[in-house]
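Biologist: Could you take me through how the labels on this one get decided? I'd like each value set against its cut-off.

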Amino acid sequence: MKAAVVEQFGKPLVLREWDIPTPESGQILVKTEACGVCHTDLHAANGDWPLKPTPPFIPGHEGIGLVVEIGEGVTNVKVGDRVGVPWLYSACGHCEFCLSAWETVCADAEFGGYTKNGGFAEYIIADPKYVAHIPDGLSAIEAAPIICAGITTYKGIKETTAKPGEWIAISGCGGLGHLAIQYAKAMGLKVCAVDIDDGKLEHATQVGADAVVNAKADDAIEAVKKVTNGGAHGVLITAPSLPAFEQGLGMTRKHGTCVLVGLPPGEFPTPLFDVVANCITIRGSFVGNRKDMAEALAFAAEGKVKADIELQPLSSINEIFTRLENGKVPARVVIDFTKN
Ligand code: NAD
Ligand code: ZN
Ligand code: ZN
């Protein structure tokens, strides 16, 4: 099969032949129809994070396709089902976190396109217990961005605990952010979108933001506070950039919650006095559990959330990465495997 492979961190992906894998007991084989390109794939290929994948590996965790083969003992999916192979590839199923629907933080979790080969290939091996079940009415292409960008922002918004009628500030209006705006609106929130790029902010308004603020402006924090009358009840930081984190904290209302989702390598300074004296919650959020996945997909199937998609062939992967790195992807690129 054709695959785009990370052979060395920080180097272009290598387009090459790779053996079609055979599903073992408890596994399934998925024939890829579409796979979104997430900024996380870029972090993976650069070896940006403390926990690193082992090259050679195939990135991609927004892969959608049809089940073409099932291993022994698989009962919950059948050949012909349309499924997604997400970042949360599998987990142990019995630790305290798995038992409480926090399988995303299971110590034995595996990650699609990271510790397991992912969707930048014509076939993907998956664990049927953790695949996303794509609802009827949602095409593979439309579903692809939902299984990472969608679920992550939907869960992240829930984690802000902002209530209908309250304000959320969404920092970073790219692949994740343009969906976050739509989920937040569908959940009854008022949205202040924040980005460094005026084109992204224009797009943010088109997809429903009530107000926009350019993060590069000197008074960006004050501008958000003015719009939201004292700071946003919830802040969701999707920007893959450290300055956005300190800034996002400053945009948080007293007793509000700032949820961190973007994953640039490094650390950011935390103004301890302000956080303590204003009773601010800072919370990390990592994709979502399987129930969050079903809910995030339902919003899309009902037409409440729609990813803006640019289709590209797998052979363009390195150009896509360069554009993503430079903020030149308007929303989400999805690799269309039906046209290769
Ligand atoms: P993207 O490149 O499509 O979008 C990033 C957006 O952030 C762009 O619009 C860019 O202009 C904007 N931006 C850059 N610097 C900014 C700043 N200082 N202030 C405000 N906006 C700024 O990326 P994406 O696919 O949306 O991914 C974003 C980040 O989220 C990545 O770091 C990715 O690894 C991470 N991520 C985390 C999870 C999770 O579970 N926590 C899941 C998926 C992705
Ligand atoms: Zn992702
Ligand atoms: Zn577990």
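**Labels and their cut-offs**

Modeller: Let's start with Glu310, which sits in strand E16 (residues 309-312). Strands (E, at least two residues) and helices (H or I, at least four) are DSSP runs, numbered from the N terminus. This is a predicted model: local features need pLDDT of at least 70 and side-chain atom pairs count only at pLDDT 80 or more, while totals for chains, interfaces and linings use all residues. Residues are numbered from 1 along each chain as its sequence is written, chains are lettered from A and ligands numbered from 1 in the order in which they are written, and side-chain values use heavy atoms, leaving out hydrogens and water.

Biologist: Why does Glu310 count as partly exposed?

Modeller: Buried means under 20% relative accessible area, exposed over 50%, and partly exposed in between (1.4 Å probe, protein chains only). Glu310 comes out at 22% relative accessibility, so it counts as partly exposed. Beyond its neighbours within four places in sequence, Glu310 is in contact (heavy atoms within 4.5 Å) with Arg323, Pro330, Arg332, Val333 and Val334.

Biologist: And what makes Cys95 buried?

Modeller: Cys95 has 19% relative accessibility, so it counts as buried. Cys98, at 12%, counts as buried too.

Biologist: Which residues are the protein donors of the zinc ion (ligand 3)?

Modeller: Donors are N, O and S atoms within 2.8 Å of the metal (3.2 Å for Na, K and Ca); water is not among the atoms, so sites may look incomplete. Here they're Cys92 (SG), Cys95 (SG), Cys98 (SG) and Cys106 (SG), 2.3 to 2.4 Å from the zinc ion (ligand 3). Their spacing in sequence is C-x2-C-x2-C-x7-C.

Biologist: What makes the site of the zinc ion (ligand 3) tetrahedral?

Modeller: Four donors count as tetrahedral if all angles lie between 85 and 135 degrees. The angles among the four donor atoms of ligand 3 are 106 to 116°, and the site is tetrahedral. For reference, the ideal angle for four tetrahedral donors is 109.5 degrees.

Biologist: Which protein donors does the zinc ion (ligand 2) have?

Modeller: Cys38 (SG), His61 (NE2) and Cys148 (SG), lying 2.0 to 2.3 Å from the zinc ion (ligand 2). Cys38 and His61 are both buried.

Biologist: Last one: how do you know how H4 is oriented relative to H10?

Modeller: Helix H4 (residues 149-160) and helix H10 (residues 290-301) pack at about 105°, their axes 9 Å apart. Angles of 65 to 115 degrees count as roughly perpendicular (under 35 roughly parallel, over 145 roughly antiparallel, the rest oblique). So H4 is roughly perpendicular to H10.

Conventions
Axes are lines fitted to C-alpha atoms, for helices over the stretch in contact, and angles run from 0 to 180 degrees between N-to-C directions. Four donors count as tetrahedral if all angles lie between 85 and 135 degrees; four count as square planar and six as octahedral if opposite donors are over 155 degrees apart and all others between 65 and 115; anything else is irregular.
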